[in-house]
Amino acid sequence: MSTTTPIPAPGFDDPTRGAQRVFRAVLDALAHPGRRYPLAVPPEAPGAFGPGLAAVALTLFDEECSVWIAGPAADDPELAAWLAFHTGVARAAQPAEADFVVVTRASRPALADLAQGTDVDPHRSATLVLDVRELDGQLPLTASGPGIDGSVDVDAPWADAAFLEEWRQNGARFPRGVDLLLVERDHVAALPRTTRLTASDTAQEA
């Protein structure tokens, strides 16, 4: 039986332009919370991540940061080899130690358990990267705050019963706190820590 490590799937066809386009999409998503932006995706991607998460990883991960991964992707050898080859990112042992936390709805840790940054260095907080491919269910939220003209409706099948209260507490820690990237197959949206959320049917603010 062969023990040869398979060659990792390729990254972007044009690494510089691909990363620039994805970085711009992420910045635009953070500047306009709740709005979806298309991603430039690699022609091939590890199945555990899919094109969207792969594009985000190729753009944001490098040897100077760390990532914690949970869910089906956590122990995937193909993904581990791909990340090491293309990004050099370190794998954190605990979510609190990671710059980026990549999870599914079912494997999401509590926001308070992630790196919060400090009042002096709020940028040292974690970015939660949530895999929202093919989620079902519906929890309509209304988002408001910086970058939003009035308010915007957000369909949030990724949010569970605990999320709204966690997000309210996350906002109360400002300037500390976690930012959220919502990654689909080929789109990204974001909720920075400054965004306020209400459940549309109860108008309970978070």
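Me: Hi! How many aromatic pairs does the structure hold?

Reply: Hello! There are three aromatic pairs in the structure. Keep in mind that this is a predicted model.

Me: Good to know. How are the rings of W158 and F163 arranged as a pair?

Reply: That pair is edge-to-face, because the ring planes of W158 and F163 stand at 90°, with the centres 5.1 Å apart. The cut-off for edge-to-face is over 60 degrees.

Me: And what about F163 and W167?

Reply: F163 and W167 make a stacked pair, because their planes are at 20° and their ring centres lie 5.6 Å apart. Stacked applies to planes under 30 degrees apart.

Me: Where do F163 and W167 sit relative to each other in the helix?

Reply: They are both in helix α4, which covers residues 163-172. F163 and W167 are four residues apart there, so about one helical turn separates them.

Me: Which residues form one aromatic cluster?

Reply: W158, F163 and W167 form one cluster together.

Me: Changing topic: what is the strand order in the open sheet?

Reply: The order is β7-β6-β10, three strands with antiparallel pairing. β7 (152-155) and β10 (196-199) are the edge strands, each pairing on one side only. From one strand to the next, the twist averages 35°.

Me: How many bridges join β6 to β7?

Reply: Four bridges join them, with β6 being residues 140-144 and the two strands running antiparallel. One of the residues involved is P140, whose bridge partner in β7 is D155.

Me: Nice. Now pockets: what space lies in the largest pocket?

Reply: The largest pocket holds about 340 Å³. It is lined by 16 residues, and the closest to its centre are D99, F100, H123, S125 and T127.

Me: Which elements give two or more residues to that lining?

Reply: Those are α1 (15-31) and β8 (179-183). Helix α1 gives the most to the lining, with four residues.

Me: And how does the lining of the largest pocket split by class?

Reply: It has eight nonpolar, three polar and five charged residues.

Me: You listed H123 there. Where is H123 found?

Reply: H123 is in the loop between β4 (100-104) and β5 (127-131).

Me: Is H123 buried or exposed?

Reply: Exposed, because its relative accessible area is 61% and the cut-off for exposed is over 50%.

Me: How far apart are the C-alpha atoms of H123 and R133?

Reply: They are separated by 27 Å, with the two residues 10 apart along the chain.

Me: Which other residues line the second largest pocket?

Reply: Among them are G34, R36, V132, L135, P157 and W158, as well as L182, E184 and A189.

Conventions:
Residues are numbered from 1 along each chain as its sequence is written. This is a predicted model: local features need pLDDT of at least 70, side-chain atom pairs count only at pLDDT 80 or more; totals for chains, interfaces and linings use all residues. Side-chain values use heavy atoms; hydrogens and water are left out. Rings of Phe, Tyr and Trp (its six-membered ring) pair if their centres lie within 6.5 Å; planes under 30 degrees apart count as stacked, over 60 as edge-to-face and the rest as tilted. Buried means under 20% relative accessible area, exposed over 50%, partly exposed in between (1.4 Å probe, protein chains only). Two strands pair if DSSP finds at least two bridges between them. Axes are lines fitted to C-alpha atoms, for helices over the stretch in contact, and angles run from 0 to 180 degrees between N-to-C directions. On a 1 Å grid over the protein atoms alone, a cavity is a set of points where a 1.4 Å probe fits but cannot get out, and a pocket is an open set with protein on both sides within 12 Å along at least five of seven lines; lining residues have an atom within 4 Å of a point. Grid points are joined across faces, edges and corners, and a volume is the space filled by probe spheres set on the points. Ala, Val, Leu, Ile, Met, Phe, Trp, Tyr, Cys and Pro count as nonpolar, Asp, Glu, Lys and Arg as charged, and the others, Gly among them, as polar.
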